[in-house]
Amino acid sequence: MPQIMNIYGCKINENIIKQTADVLVSTGLAAAGYTFLNLDDCWQSTRDSVTKKIIADPAKFPSGIPSLIQYVHSKGFKFGLYSDAGMQTCEGKPGSLGYEELDAETYAEWDIDYLKQDPPMSAALMKQSKKIYFSICEWGLEKPWLWAPPIANSWRTTGDISDHWYSFIAILEEYAYLAQYAGPGQWNDPDMLEVGNGGMKTHEYYLILLYGQF
């Protein structure tokens, strides 16, 4: 699942997302099976003072998230977003605490396909007619592979990956024994693929891509 965070940080915008979708098609990655294009932190700006609905950063996403989702869908991909169960996201943007129902309704209206967030959002998503893939992100601290299958489609199993070989190996070692807990509709998530960001050697990236096929 390509995610637009580690290489760009918070320097994201709708043009970068569209270009990413285009490149996934032109390079053959879409044909190879890449399905989701997921947007991580820093897309949010504030909440509407009246409706309290979450608002995307108007400078970065002047056309709005729904328009961006339509573009990504037109390229044959599903679209994902990140949020946080607290008052703020990891980058200090508005979180969903106290707004779970409203945010779930908003994301369904926008037609997103994937949401990365913490466990409290699960019940709100399940009330929506739009089926949204729910990825729990609590870094494996409470062993979600033991309790998350009824409420989520996947769960992070470790802390955040970084663009270094030792980070990949550390996650692989923690992740290896969890295969028994995965299956259709319930997947272990070792975090995003780090490929081509410049922190590793070319042959190390090839090994990561090989690992990512399994």
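Biologist: How does D160 count, buried or exposed?

Modeller: At 55% relative accessibility, D160 counts as exposed. Buried means under 20% relative accessible area, exposed means over 50%, and partly exposed covers the values in between, using a 1.4 Å probe and protein chains only. This is a predicted model, in which local features need pLDDT of at least 70 and side-chain atom pairs count only at pLDDT 80 or more, while totals for chains, interfaces and linings use all residues. Residues are numbered from 1 along each chain as its sequence is written, and side-chain values use heavy atoms, with hydrogens and water left out.

Biologist: Which side chain does D160 meet in a salt bridge?

Modeller: The partner of D160 is R156, with N to O at 2.8 Å. A salt bridge is a side-chain nitrogen of Lys or Arg within 4 Å of a carboxyl oxygen of Asp or Glu. R156 is buried, with a relative accessible area of 1%.

Biologist: Why can such side chains pair?

Modeller: Side chains of opposite charge can pair when their charged atoms come close.

Biologist: How many salt bridges are there by this rule?

Modeller: The count comes to nine salt bridges. One of them joins the side chains of D103 and R47 at 2.8 Å, N to O. This pair links distant parts of the chain, as D103 is in helix α4 and R47 is in strand β2, 56 residues apart. Helices (H or I, at least four residues) and strands (E, at least two) are DSSP runs, numbered from the N terminus.

Biologist: Buried or exposed, how does D103 count?

Modeller: D103 counts as buried at 0% relative accessibility, and R47 counts as buried at 13%.

Biologist: And which residue forms a salt bridge with K130?

Modeller: K130 pairs with D111, the closest N and O atoms being 2.8 Å apart. K130 lies in the loop between α5 and β6, and D111 in the loop between α4 and β5 (114–117), 19 residues apart. D111 is partly exposed, with a relative accessible area of 32%.

Biologist: Let us turn to cysteines. How many disulfides are there?

Modeller: The count is one disulfide. A disulfide is a pair of cysteine sulfur atoms within 2.5 Å. The pair is C10 and C42, with sulfur atoms 1.7 Å apart. C10 lies in the segment before α1 (14–26) and C42 in the loop between β1 (36–39) and β2 (44–47), so the pair ties together parts that are 32 residues apart in sequence.

Biologist: What about C90?

Modeller: C90 is in no disulfide, and the nearest cysteine sulfur, that of C137, is 7.2 Å away. C90 is exposed, with a relative accessible area of 55%, whereas C137 is buried at 6%.

Biologist: What does W43 touch?

Modeller: Leaving aside residues up to four places away in sequence, W43 touches I12, I54, A56, D57, F61, I65, L81, Y82, Y107 and W110. Contact means heavy atoms within 4.5 Å.
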